[in-house]
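This report is meant for a reader who is meeting the structure for the first time. Please look through the sequence and the model before going on to the sections that follow.

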Amino acid sequence: MGPEPDMARSLSGHPEDAAIAAPFKPATGSPWTVATNDNLTAWSGPWGVSFAANLTPDTNTGLHSGVWTEELFVKAIRTGKHMGTARDILPPMPWPAMARLSDEELKAIWAYLGTIPPITNHVPEPIPPTGTPAK
Ligand code: HEM
């Protein structure tokens with residue numbers, strides 16, 4: 001069947017218990033320059049390692065947490081900046097394509113993400129190419 005979705009963890013991002021300490025490479029002989037983990041939630045490439053975000057409305061670890069707002073969400077997708085203002089959002093998050101969605105569509109996605117079950121999962125910060133985690 002290949003990889004199957006784990007709906008108990010739906011949209012909760014890279015599992016916090018699947019620790020990754022440093023950038024990793026594709027298997028020897030692979031033509032790829034980018035590698036991923038078995039969960040498809042950690043992506044290692046020239047930018048270091050990025051981890052899929054927790055998009056569920058968990059109070060402490062997800063969107064709709066009190067830190068994010070609809071305005072910040074739309075701004076992040078439109079600008080490719082973390083929370084709309086900070087560091088660049090890293091690959092493979094397809095924000096350049098999503099930035100072309102209308103305000104109505106992005107606001108609908110934001111509203112939907114507020115209705116799904118909250119899952120507590122603290123996704124780690126990206127690891128830079130040097131391999132030293134930000135925290
Ligand atoms: C409708 C679909 C999607 C939505 C609503 C969404 C939403 C988000 C949001 C809000 C963030 C956090 C941005 C920030 O830090 O400011 C994020 C990060 C991320 N997303 Fe997505 N995403 C979607 C699709 C995808 C897809 C298809 C992929 C991978 C193929 C992906 C991979 C990632 C990764 C790796 C990050 C972490 C980037 C970083 O830390 O810089 N996302 N996403």
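Does K25 count as buried or exposed, and how many C-beta neighbours does K25 have inside 10 Å?

## The model and a residue before the strands

This is a predicted model, in which local features need pLDDT of at least 70 and side-chain atom pairs count only at pLDDT 80 or more, while totals for chains, interfaces and linings use all residues. Residues are numbered from 1 along each chain as its sequence is written.

K25 counts as exposed because it has 12 C-beta neighbours inside 10 Å; with C-beta atoms placed from the backbone, a residue is exposed if 12 or fewer other C-beta atoms lie within 10 Å of its own, buried if there are 20 or more, and partly exposed in between. K25 lies in the segment before β1, where helices (H or I, at least four residues) and strands (E, at least two) are DSSP runs numbered from the N terminus. Although K25 and A35 are ten residues apart along the chain, 5.8 Å separates their C-alpha atoms.

## The sheet

Three strands make up an open sheet in the order β1-β2-β3, with antiparallel pairing; two strands are said to pair if DSSP finds at least two bridges between them. Because β1 (35-36) and β3 stand at the edges and each has a single partner strand, one side of each is left without a neighbour in the sheet.

Between β1 and β2 there are two bridges, and T36 is found opposite W43 in β2. The hairpin of these strands has five residues between them, and in this hairpin L40 takes a positive phi near 60 degrees. Four bridges join β2 to β3, with G45 opposite G48 in β3, and the hairpin that β2 and β3 form has two residues between the strands.

F73, A76 and I77 are the buried residues named in α1. They lie on the same side of α1, because they cover an arc of only 90 degrees around the axis, the arc being that of the directions from the helix axis to the C-beta atoms. Among the elements that cover the buried residues of α1 are α2 (95-98) and α3 (103-113), and α1 is followed by G80, which has a positive phi near 70 degrees.

## Around the ligand

The shell around the ligand has 17 residues, of which A53, A76, H82, L90 and M93 come nearest; a residue is near if its C-beta atom, placed from the backbone, lies within 6 Å of the molecule. The elements that give two or more residues to this shell are β3 (48-51) and α1 (70-79).

Terms used. Contact = placed C-beta atoms within 7 Å.
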